[in-house]
Amino acid sequence: MNRLFRDVEGGPLCPHGSVVCIGAFDGLHLGHRALVGHAAERARALGVPMVALSFEPLPREFFARGEPPPRLQLPRAKFEGLRALGADLVGLLRFDARMVAMSAEDFVRSVLVRRLSAREVHVGPDFRFGHRRAGDLATLQREGAAHGFTAAAIAPVRLDGERVSSTRIRAALQDGAFDVATRLLGAPYAIGGRVVRGRQLGRTLGYPTANLRFDDKRPALSGIYATRVHGVGADPWPSVSSFGTRPTVGGIEPLLEAHLFDFDGDLYGRRIEVEFVARLRDEEKFPDLPALVAQMDRDAQQARRLLTPEQESAPADFPRAVSRR
């Protein structure tokens, strides 16, 4: 079975039936995990594939005018995360003008019935879909009665009395509250990707970095951070990272630059994951490179102190991170 599909139109992908869950799934937090996990359990009980459906770009990105809303993760990370949570097939449907114009009923018939032969459809609280967001759970249940599937919504997942949401996680990340973000996500916040070549300016300044691009998405955080890099050694590698546009050197696109302490090696082309542990400061524009390097020295010293074993369990703001699967 092909593990990813993007198109509404096409032949049947699950001719013997499927269990489908639908959501934005940005960040794959505890609420998303509950939804995907429930769908996976139902698929196993019925002996059919589980399909996770989402959209790329996200609808709120498509409709944004000017500055796009922040994203927690890139599409590839979403796909990999959904697969890890039990999805046999992932649909990242192209959200374009054609999708915007599609009625809720046409979406059901084209995707859920013809392509996926859905037996059950599971959604999150307040789910809406279709042209002008006219479709809801009642629409799914009405269409399901006509086409042979059932539809249900899971109860919202709450933490500290509030509903778990991507909005809460973005706010926590922007505030540097990584302990809160970790609890909402069920894992430390991290960004993964393939290391790309940059201008190699950091190497000339004494701070070589492993660079990850964030494509054309707007990240949910920016600044300087104490971090750990996964995928380099047997254990997460302590590091200090900058995530931003690098105003001192005239940068434009967001770039995640991780300097691995005491590391000597070539990481170009390797897939790594940068786990955020603590926020150090905002990104700044310095008058010259010597001033930038002086601040980088201070950042590196602070990050080293925060990441040493004796410091990991001390401050409440910097919880001990758990290695990601």
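**Briefing: cores and overall build of the chain**

Leaving aside residues up to four places away in sequence, Leu 173 touches Leu 72, Phe 178, Ala 181, Tyr 189, Ala 220 and Leu 221. The model in which these contacts are found is a predicted one. Apart from the core treated below, to which Leu 173 belongs, lies another core of 27 residues, which includes Val 51, Leu 53, Ala 104 and Leu 140.

**The largest nonpolar core**

- This core holds 30 residues, and the members that touch the most other members are Leu 173, Tyr 189, Ile 191, Leu 221, Phe 243, Ile 272 and Phe 276.
- Two or more residues come from each of helix H7 (166-174), helix H8 (178-185), strand E11 (210-213), strand E13 (223-230), strand E15 (255-260) and strand E16 (271-281).
- The element that gives the most to this core is H8, which supplies four residues.

**Overall fold and size**

- The chain contains 11 helices and 16 strands.
- Its radius of gyration is 22 Å, which is close to the 20 Å that the globule rule gives for 325 residues, so the chain is as compact as a globular protein of that length.
- Taken along the principal axes, the box filled by the C-alpha atoms is roughly 70 × 40 × 35 Å.
- When contacts between residues at least 6 apart in sequence are considered, 73% of them join residues at least 24 apart.

**Burial, surface and charge**

- Of the 325 residues in the chain, 47% are buried.
- The chain exposes about 15,600 Å², and 50% of this area is supplied by carbon and sulfur atoms.
- There are 46 positive and 39 negative side chains, and the centres of these two sets lie 5 Å apart.

Note on methods. Residues numbered from 1 in each chain as written. Predicted model: local features only at pLDDT ≥ 70, side-chain atom pairs only at ≥ 80, totals over all residues. Heavy atoms only, no water. Rg over C-alpha atoms; globule rule 2.2 N^0.38 Å. Buried < 20%, exposed > 50% of the residue type's maximum accessible area, 1.4 Å probe, protein only. Contact = heavy atoms within 4.5 Å. Areas by Shrake-Rupley, 256 points an atom, 1.4 Å probe, with all protein chains shown as cover. Lys, Arg positive; Asp, Glu negative; His and termini not counted. Charge placed at Lys NZ, Arg CZ, Asp CG, Glu CD. Core = buried A, V, L, I, M, F, W, Y, C linked by side-chain atoms within 4.5 Å.
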